[in-house]
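My notes follow, in the order I went through things.

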Amino acid sequence: MWFHGAALLLLLAFAQLVLCAEDYYKVLGVQKTASEKEIKSAYRQLSKKYHPDKNPGDSTAETKFVEVSEAYEALSSAETRKIYDQYGHEGLQRHKQGGGFQSHDPFDLFGRMFGGQGHFGRHSGQRRGQNLELKVNIALRDFYSGKMAEFEWDKQQICEECSGTGSADGHVDTCGVCRGHGIVIQKQQLAPGMYQQVQMQCHACGGRGKTIPHKCPACGGNRVVRKKTPVQVTIDRGAPRGHQILFEGEADASPDYVAGDLFVTLQEKEPSLEEDNPDKVDGTFFRRRGDDLHWTEVLSVREAWMGDWTRNLTHLDGHIVRLGRNRGEVVQPNHVETVKGEGMPKWHEDGDSVYHQTEFGDLYVTYVVVLPDQMEKGMEKDFWALWQKWRGKTGVNLHKDSGRPDKVVLSDEHDEL
Ligand SMILES: [Zn+2]
Ligand SMILES: [Zn+2]
């Protein structure tokens with residue numbers, strides 16, 4: 001079959017690549033400073049162009065396809081791209097040997113990107129488990145400063161006691177009811193004299209075709225157990241709300257299928273003064289909108305009107321943002337002040353690289369002015385007297401202040417209502 005030939009070619013191509021690997025940026029035809037978007041789009045175009053399904057029997061295209069995939073694999077992850085930029089191919093090689101590098105199958109990569117099925121029949125016959133999503137609540141300050149966080153979840157794992165056989169002594173029998181097929185044929189009567197044959201899953205063995213005389217005590221013959229399993233996630237500075245981190249093949253494991261992917265979704269936690277705010281920072285109660293932060297500050301009438309006030313806001317990482325006005329500087333109610341660069345760090349898909357410095361969104365402060373509903377008697381008297389004095393002296397011309405025209409403008413047409 002032709003795909004065996006193709007697989008062999010692939011192996012050869014890999015060997016070649018290790019010997020004389022071309023610059024990955026050149027392979028994709030992008031600049032060294034290219035964004036992840038540019039890299040992605042270059043890969044999309046080239047991988048489609050060289051895909052073996054489009055170029056049957058063309059070994060040059062095949063080699064190109066593998067090259068392009070390898071280049072994308074290396075440059076699409078911020079971590080490996082950094083290593084590649086610093087240490088080149090050799091550095092990546094070392095990194096791969098040190099583990100941590102994901103599957104290195106160009107067809108896998110293609111499938112992931114285009115949502116396609118496995119190619120060359122290599123995945124046929126192998127069932128895949130479900131993908132799982134794990135939602136974790138992250139405090140806003142961790143989105144701000146970035147963090148490595150570890151969580152535990154109840155992962156289904158292959159039982160270690162019986163190595164996934166389900167048997168205490170390693171003995172597994174073929175099911176006598178279905179004779180190992182896992183299914184049985186049942187006759188159903190539709191009408192007198194009319195029967196239908198239906199395939200049903202074998203009840204005796206649960207469709208496995210095997211029975212276990214002495215069940216493993218650890219898993220009770222289920223071959224799998226649920227165990228608390230840690231997941232380590234890196235929360236990038238400024239990662240968007242709802243950001244997903246992919247762990248390939250880390251979902252529930254089973255002897256029956258290849259584990260699906262685990263997605264960890266970062267949700268923003270509701271702020272709580274007691275639980276998550278040991279440093280009592282105001283920033284915990286900032287509201288996030290994209291890269292910007294929002295805050296409401298309350299001013300007294302005196303402050304809003306006369307000025308001469310300061311506020312020290314403690315930001316999410318504890319640094320101080322100073323707000324204030326000099327004497328005579330008025331703040332109108334609901335005025336929104338923009339504090340440049342005090343928002344969230346701007347997150348980039350390609351991570352914090354040498355190509356850019358961290359930029360920040362803005363902080364928007366909305367001022368609310370509160371009028372006192374009670375005043376000390378003496379104070380009320382003083383204010384009253386003061387107002388009376390100025391009321392008498394200058395008066396207030398409401399019409400003039402309104403800025404409306406002096407004469408009523410009459411239109412020629414009649415008002416229809
Ligand atoms: Zn077991
Ligand atoms: Zn059976």
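**Helix 4.** I started with helix 4, residues 59–76, keeping in mind that this is a predicted model. The helix has 18 residues and spans 25 Å from its first C-alpha to its last, close to the 26 Å expected at 1.5 Å a residue.

Next I looked at how helix 3 (residues 36–50) sits against helix 4. Their axes come within 9 Å and cross at roughly 160°. An angle over 145 degrees counts as roughly antiparallel, and therefore that is what I wrote down for helix 3 and helix 4. The crossing is left-handed. For the contacts, I listed E36, I39, K40, Y43, L46, S47 and Y50 on helix 3. They meet A61, K64, F65, V68, S69, Y72, L75 and S76 on helix 4.

**Whole protein.** I stepped back for the totals. The protein has ten helices and 15 strands. Buried residues make up 18% of its 417 residues. Of the contacts between residues at least 6 apart in sequence, 65% join residues at least 24 apart.

I then traced an open sheet of three strands, in the order 1-9-8, with mixed pairing. Strand 1 (132–138) and strand 8 (244–247) are the edges; each has a single partner strand, so one side of each has no neighbour in the sheet. Neighbouring strands here are turned by 25° against each other on average, ignoring direction. Strand 1 and strand 9 (residues 262–268) run parallel and are joined by seven bridges. I checked one bridge by name: N137 partners Q267 in strand 9.

Strand 11 (residues 292–300) pairs with strand 15 (residues 363–370) in the parallel sense over eight bridges, and H294 stands opposite Y364.

**Hairpin.** Strand 12 (residues 309–314) and strand 13 pair in the antiparallel sense over six bridges, with N312 bridged to R322. Five residues lie between the two strands of this hairpin, and G318 in the turn has a positive phi of about 95°. How many of the six residues of strand 13 (residues 320–325) are buried? The number is zero, so strand 13 lies largely in the open.

S163 has a phi near 55° and is in the loop between strand 2 (147–158) and strand 3 (173–174). With 13 other C-beta atoms within 10 Å, S163 is partly exposed. R179 has a phi of about 50° and is in the loop between strand 3 and strand 4 (183–191). Is R179 buried or exposed? I noted R179 as exposed, with 11 other C-beta atoms within 10 Å.

Definitions and conventions. Residues are numbered from 1 along each chain as its sequence is written. Chains are lettered from A and ligands numbered from 1 in the order in which they are written. This is a predicted model: local features need pLDDT of at least 70, side-chain atom pairs count only at pLDDT 80 or more; totals for chains, interfaces and linings use all residues. Helices (H or I, at least four residues) and strands (E, at least two) are DSSP runs, numbered from the N terminus. The expected span of a helix is 1.5 Å times one less than its number of residues. Two strands pair if DSSP finds at least two bridges between them. Axes are lines fitted to C-alpha atoms, for helices over the stretch in contact, and angles run from 0 to 180 degrees between N-to-C directions. Angles under 35 degrees count as roughly parallel, over 145 as roughly antiparallel, 65 to 115 as roughly perpendicular and the rest as oblique. A crossing is left-handed if the near helix is turned anticlockwise from the far one by less than a right angle, and right-handed if clockwise. Two residues are in contact if their C-beta atoms, placed from the backbone, lie within 7 Å. A residue is buried if 20 or more other C-beta atoms lie within 10 Å of its own, exposed if 12 or fewer, and partly exposed in between; C-beta atoms are placed from the backbone.
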